[in-house]
Amino acid sequence: MSTPTDEQDQGIWLTQEAHDRLKAELDQLVANRPAMAAEINARREEGDLKENGGYHAAKEEQGKQEGRIRQLTDLLRKARVGAAPTTATNAALGTVITIRFAGDDDTEKFLLGSREIAGTTQLTVYSPESALGSAIMGAAPGTTVTYQAPNGRDISVEVVAVEPFVP
């Protein structure tokens, strides 16, 4: 059973640029449906469906496209489009977080937001659903949080700074 995350409760924050890019992708996929159906029909007419690799490949591609259409439709329905916060005191969607891993002097900077925004920034993007993202949500600079990595190891990080995202 899944439990709602902050991202599901709050919606997904996207810049206008990311929203427009995803909307254009969705429109293109929807517009391609008739061509995909024609491709499947053409492959179906090639003969025995049990041994027709082209037909099965076209059906598989159609399934991938329909899955992406559903994903984009849901994401755009939930999206909160707009500018990133102009001030930031705690880690939240649309903020740039600087962290330091325990025992390491180096820092890492990333944007806390939807993975779909990754195409619009040079920053690494962590989802608030990720192990690190969910652990730091709401944390203020100076806070140390511990999260469990996918390999089961506990990792501690200090939130060094929180700043607004400037695209």
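User: What do the buried residues of α4 pack against?
Analyst: This is a predicted model. In it, the buried residues of α4 pack against β1, α2, α3 (33–44) and β2 (79–81).

User: Which residues of α4 are buried?
Analyst: Tyr55, Ala58, Gln65, Arg68, Ile69, Leu72, Leu75 and Leu76.

User: What span should α4 have, and how far apart are its end C-alpha atoms?
Analyst: α4 has 26 residues, so at 1.5 Å a residue it should span 38 Å. Its end C-alpha atoms are 38 Å apart, which agrees.

User: Now α2 against α4. What's the angle, and how far apart are the axes?
Analyst: They pack at about 145°, and the axes are 10 Å apart. The crossing is left-handed.

User: Which residues meet there?
Analyst: α2 brings His19, Leu22, Lys23, Glu25, Leu26, Leu29 and Val30. From α4 come Gln65, Arg68, Ile69, Leu72, Thr73, Leu75 and Leu76. By type, the residues of this contact split into 8 nonpolar, 3 polar and 3 charged.

User: What does His19 touch, leaving out residues up to four places away in sequence?
Analyst: Leu14, Leu76 and Val81.

User: On to the largest nonpolar core. How many residues, and which touch the most other members?
Analyst: That core has 18 residues. Trp13, Leu14, Leu22, Leu75, Leu76, Leu111 and Ile117 touch the most other members. The elements giving it two or more residues are β1 (12–14), α2 (16–31) and α4 (53–78).

User: And another core, where does that lie?
Analyst: Apart from the largest one. It has 17 residues, including Ala88, Leu132, Met137 and Tyr147.

User: Back to Leu75. What is it in contact with, beyond neighbours within four places in sequence?
Analyst: Ile12, Leu14, Leu22, Ser114 and Glu116. Leu75 is also one of the α4 residues that meet α2.

User: Zooming out, how many helices and strands?
Analyst: The chain has 5 helices and 7 strands. From the N terminus, the order is α-β-α-α-α-β-β-β-β-α-β-β.

User: What share of the chain is buried?
Analyst: Buried residues are 35% of the 167 in the chain.

User: Last one. Among contacts with a separation of 6 or more, what share is between residues 24 or more positions apart?
Analyst: Such pairs account for 56% of those contacts.

Notes
Residues are numbered from 1 along each chain as its sequence is written. This is a predicted model: local features need pLDDT of at least 70, side-chain atom pairs count only at pLDDT 80 or more; totals for chains, interfaces and linings use all residues. Side-chain values use heavy atoms; hydrogens and water are left out. A nonpolar core is a set of buried Ala, Val, Leu, Ile, Met, Phe, Trp, Tyr and Cys residues joined through side-chain atoms within 4.5 Å. Buried means under 20% relative accessible area, exposed over 50%, partly exposed in between (1.4 Å probe, protein chains only). Helices (H or I, at least four residues) and strands (E, at least two) are DSSP runs, numbered from the N terminus. Contact means heavy atoms within 4.5 Å. The expected span of a helix is 1.5 Å times one less than its number of residues. Axes are lines fitted to C-alpha atoms, for helices over the stretch in contact, and angles run from 0 to 180 degrees between N-to-C directions. A crossing is left-handed if the near helix is turned anticlockwise from the far one by less than a right angle, and right-handed if clockwise. Ala, Val, Leu, Ile, Met, Phe, Trp, Tyr, Cys and Pro count as nonpolar, Asp, Glu, Lys and Arg as charged, and the others, Gly among them, as polar.
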